[in-house]
Amino acid sequence: MHICNIQRGEYIDVQYLMKCRENHNFNSVRFDRALEIIKSKEKNEVLYESLMENKEWSERFHDYLKGKKTLPLLYEPFFQVIFNPENHKGRLSILLSSILGQEVTVLEVLERESSSFIGTLVIMDMVVRMGDGSVANIEIQKVPYMFPAERISCYSSDLIMRQYRRLSGQNEMFSYKNMRKVHTIIFFEESSSKLKSPLDKKNYFHVGKTRFNTEIGIELLQEFHLISLDTFRKYRYPNIKDGDIEITEYDYDEREYRNEATEKMKRDRLMFLSLFSVENVEDADKLQKIFPELSPIFHDMCEYMERPEEVLKMFSEALSIMDRNTINLMVDQWKIEVEEAKEEIAKSKAEIEKFKADAAKEKARADKLEAELAKMKALQENNAGDDTGK
């Protein structure tokens with residue numbers, strides 16, 4: 001039985017708690033108690049008032065405390081507490097194994113290095129080193145059109161160089177053969193037109209590797225896993241909620257995994273993508289029955305209801321990341337607009353200069369014609385004078 005701490009060390013069944021969401025008095029008392037705890041400290045009240053300025057986030061925060069919504073896991077503060085390998089051993093490993101289609105064990109989460117990759121709404125960025133020495137970078141994007149192929153390539157190259165610096169710094173006898181694959185994993189909450197598969201609109205999991213036309217057996221280190229969550233939510237998630245978890249060609253492309261992906265990995269992929277798609281408690285209840293393995297995660301999310309101060313900090317931090325990235329995005333857009341304006345000005349100047357040059361040519365031509373006409377007129381007058389003299 002999965003339980004959740006409510007008050008004073010008392011425990012109740014999680015599913016019972018989910019049913020209690022319909023009990024207005026229960027929700028009202030718990031919600032009022034949470035706000036009372038928050039407002040008992042001035043620093044919390046400041047964070048709360050700031051959060052209330054954002055309608056979307058304030059409603060999501062209140063709905064969570066009322067037992068209506070789950071935590072938004074696709075934001076870094078929430079993802080970190082639910083999938084932190086130090087607190088929840090194996091959880092992140094299972095997630096990555098399902099995505100990569102091979103058994104991996106996360107040894108550590110690497111400290112992020114300073115990066116010049118700004119201007120996108122990156123709401124979660126985690127770099128992990130796995131048991132075989134390979135590296136994975138997990139990203140979640142809010143604005144897909146600001147994350148083009150060129151930027152994805154730069155992120156992947158950054159992972160390559162991190163691994164190279166680490167290995168070469170540890171061993172004077174460094175060999176490139178010691179380098180391991182790097183996996184760039186990006187969850188897109190919204191898919192740009194380029195993430196819409198021309199083969200089938202229902203394709204939501206895009207795997208990218210370098211291949212040669214002659215099929216030579218050289219494997220490069222960079223691999224890409226782009227996940228269109230909006231496509232998954234539209235075409236796959238509704239069926240999963242109804243209990244249809246039979247693996248389809250949309251869930252796993254067998255050609256990409258060399259038969260290493262187990263049935264459990266395939267099922268786990270559906271489980272985690274569904275977890276990242278759920279928002280309301282009703283759907284969470286359905287998923288928990290379909291995937292009992294999710295019960296500990298829902299249990300963890302449930303427990304935070306009685307830690308409103310921590311939840312407030314997580315929501316505030318997530319909103320701060322959004323605000324900071326929005327500013328970066330605005331700066332990037334401003335730079336683009338400035339460059340476009342400069343190009344337009346340069347183009348206009350070029351057109352003006354061309355117009356001036358053409359005008360000068362036309363004036364020279366007109367002056368030449370005028371001179372020739374004057375010459376012809378003078379010649380006619382001379383001829384007329386000669387005829388009169390005769």
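A residue is called buried when its relative accessible area is under 20%. In this predicted model, Asp-268 has a relative accessible area of 3% and is therefore buried. Asp-268 forms a salt bridge with Lys-264, in which the closest N and O atoms are 2.7 Å apart. Because Lys-264 and Asp-268 are four residues apart in helix H10, about one helical turn separates them.

Helix H10 holds a further pair of this kind. Lys-266 and Glu-263 are joined by a salt bridge with a closest N to O distance of 3.3 Å; both residues belong to H10, three residues apart, which is about one turn of the helix. The two partners differ in their surroundings. Lys-266, at 7% relative accessibility, counts as buried, whereas Glu-263, at 53%, counts as exposed.

Salt bridges also occur elsewhere in the chain, and the count comes to 19. One of them joins the side chains of Glu-256 and Arg-211, at 2.9 Å from N to O. This pair connects distant parts of the chain, 45 residues apart: Glu-256 sits in the loop between helix H9 (237-241) and H10, and Arg-211 in the loop between strand S7 (205-208) and strand S8 (222-228).

Attention now turns to the nonpolar interior. In soluble globular proteins, nonpolar side chains tend to be buried together. The largest nonpolar core in this model comprises 66 residues, and Phe-83, Leu-275 and Phe-276 have the most contacts inside it. Helix H10 (residues 263-277) supplies the largest share of this core, seven residues.

Apart from neighbours within four places in sequence, Phe-83 contacts Arg-91, Leu-92, Leu-95, Phe-272, Leu-275, Phe-276 and Ile-297. Phe-83 also takes part in the packing of two helices. Helix H5 (residues 76-83) meets helix H6 (residues 91-100) at an angle of about 110 degrees, and their axes are 8 Å apart. Since angles of 65 to 115 degrees count as roughly perpendicular, H5 and H6 are therefore roughly perpendicular to each other. Phe-79, Ile-82 and Phe-83 make the contact from H5, and Arg-91, Leu-92 and Leu-95 from H6. By class, the residues of this contact are five nonpolar, no polar and one charged.

Methods:
Residues are numbered from 1 along each chain as its sequence is written. This is a predicted model: local features need pLDDT of at least 70, side-chain atom pairs count only at pLDDT 80 or more; totals for chains, interfaces and linings use all residues. Side-chain values use heavy atoms; hydrogens and water are left out. A nonpolar core is a set of buried Ala, Val, Leu, Ile, Met, Phe, Trp, Tyr and Cys residues joined through side-chain atoms within 4.5 Å. Buried means under 20% relative accessible area, exposed over 50%, partly exposed in between (1.4 Å probe, protein chains only). Contact means heavy atoms within 4.5 Å. Axes are lines fitted to C-alpha atoms, for helices over the stretch in contact, and angles run from 0 to 180 degrees between N-to-C directions. Angles under 35 degrees count as roughly parallel, over 145 as roughly antiparallel, 65 to 115 as roughly perpendicular and the rest as oblique. Ala, Val, Leu, Ile, Met, Phe, Trp, Tyr, Cys and Pro count as nonpolar, Asp, Glu, Lys and Arg as charged, and the others, Gly among them, as polar. A salt bridge is a side-chain nitrogen of Lys or Arg within 4 Å of a carboxyl oxygen of Asp or Glu.
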